[in-house]
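Morning, everyone. I have one structure to walk through today.

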Amino acid sequence: MKRINIVFVIATLLSLAACDELLLGEKQENTPVNNFEMLWGDIDKMYGGFAVKEIDWDSLYDVYRPQVNNNTSDAELYNIFSKMLGQLDDNHVSLIPTNTGLPVYQSGIVGRLGTFTDFCLSAIADNYIDSLKRYSATILYGTLKGNVGYILLGGMEEGISTYEKAFDFLLEEFKNTDGIIIDVRNNPGGIDQESVYIAGRFATEAKTGFKFRLKNGPEHDNFTPFYEYTVSPQGKTQYTKGVAVMTHRFSISAAETFTLAMREYDHVTIVGDTTSGAFSDMTSRELPNGWVYSISIGDWRSADGTSYEGIGLPPDVLVQNDSTDVANGRDEALEKAIDLLSKGK
């Protein structure tokens, strides 16, 4: 059964060009106190989720700052930082304690879960699809029982030109199916523009898919105006028969904005588990001791203005796979999606 560990998740998130830019500030003396002050201060100025999560960041300074002095060891500082960052409960918040032997720290539900046990690609390939084929590095496809097409999107970062060609091919391949399942479970995200383009291949009309604003000043309420992402029909053809988008707790970032956009259409049903709750773009910075951390820098909302940051987007049809079933080759969520599409909802 395919699994993923948290170190891989963080490495993937930190590699996404759309979400990660290493910002190196003026170099400070490497002391535990300076490292704490920089970490707390940068988050204070740059973090975009204080209001929607109702976090009192000043009070956390009063809790954790007294625990640090210039004799604090790396292990002690790591423990203090981890507890403080844990208060953000944000999957885009991580800490890489370089050259210490200490593990990567991951905030949010992804950090708490560590690995997923509710999704197994080999079980799908062995038990549900006659031939699971690979179109590209992150796109797999095949036909399920009930005359339902299956597309696995393993990321959102191959480039719009790739997705244009891919969906020209895939929608022609599946034009005679009764429905299509788009699986974004175990999708770590990528680029919002690409997720919006893919959603456009299933759009019936132009709609606001989601909106966002970015931090643009040091105060907690300093943001740009909201920018709306419009989803509209894209490409040569669009598939407008029944579609099920499959999600779970490891559907992250651009996989979640894709889901936000897709759920605006009546012929789309979201099936599976709640998403990760890490919608915002993120940036990374380096501390004086060389440790690197990432933080969310925006405020992402659904078309109706609801924030699911830190909460996750709930599905229309909740099916939480049992790990024992998955280990034995059964994917109950996939079966539910097939059933919905086969019956035409």
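Some ground rules. This is a predicted model, where local features need pLDDT of at least 70 and side-chain atom pairs count only at pLDDT 80 or more, while totals for chains, interfaces and linings use all residues. Residues are numbered from 1 along each chain as its sequence is written, and side-chain values use heavy atoms, with hydrogens and water left out. Helices (H or I, at least four residues) and strands (E, at least two) are DSSP runs, numbered from the N terminus.

Now the sheet. It is open, with seven strands in the order S4-S5-S6-S7-S10-S11-S15. The pairing is mixed. Two strands count as paired if DSSP finds at least two bridges between them. Which strands stand at the edges? S4 (133-134) and S15 (317-318) do. Each has a single partner strand, so one side of each lacks a neighbour in the sheet.

Helix H8, residues 160-173, packs on this sheet. It touches S4, S5 (139-144), S6 (148-153) and S7 (179-183). Contact here means heavy atoms within 4.5 Å. The direction of H8 makes about 5° with that of S5. Axes are lines fitted to C-alpha atoms, for helices over the stretch in contact, and angles run from 0 to 180 degrees between N-to-C directions.

Next, S7. Are its residues buried or exposed? Five of its five residues are buried, meaning under 20% relative accessible area with a 1.4 Å probe, protein chains only. Gly-179, Ile-181 and Asp-183 point one way, Ile-180 and Ile-182 the other.

S7 runs parallel to S6, joined by five bridges. Asp-183 in S7 sits opposite Leu-152. On to S10: S7 and S10 also pair in the parallel sense, over five bridges. There, Gly-179 has Gly-242 as its bridge partner. S10 (residues 242-247) then runs parallel to S11 (residues 268-272), again with five bridges. Val-243 stands opposite Val-268 in S11.

Last, the helix pair. H9 (residues 192-200) and H10 (residues 254-262) pack at an angle of about 35°. Their axes are 9 Å apart. From H9, Asp-192, Ser-195, Ile-198 and Ala-199 meet Ala-254, Thr-257, Phe-258, Ala-261 and Met-262 of H10. The residues of that contact divide into six nonpolar, two polar and one charged.

That's the tour.

How values were computed:
Nonpolar A, V, L, I, M, F, W, Y, C, P; charged D, E, K, R; others polar. Buried < 20%, exposed > 50% of the residue type's maximum accessible area, 1.4 Å probe, protein only.
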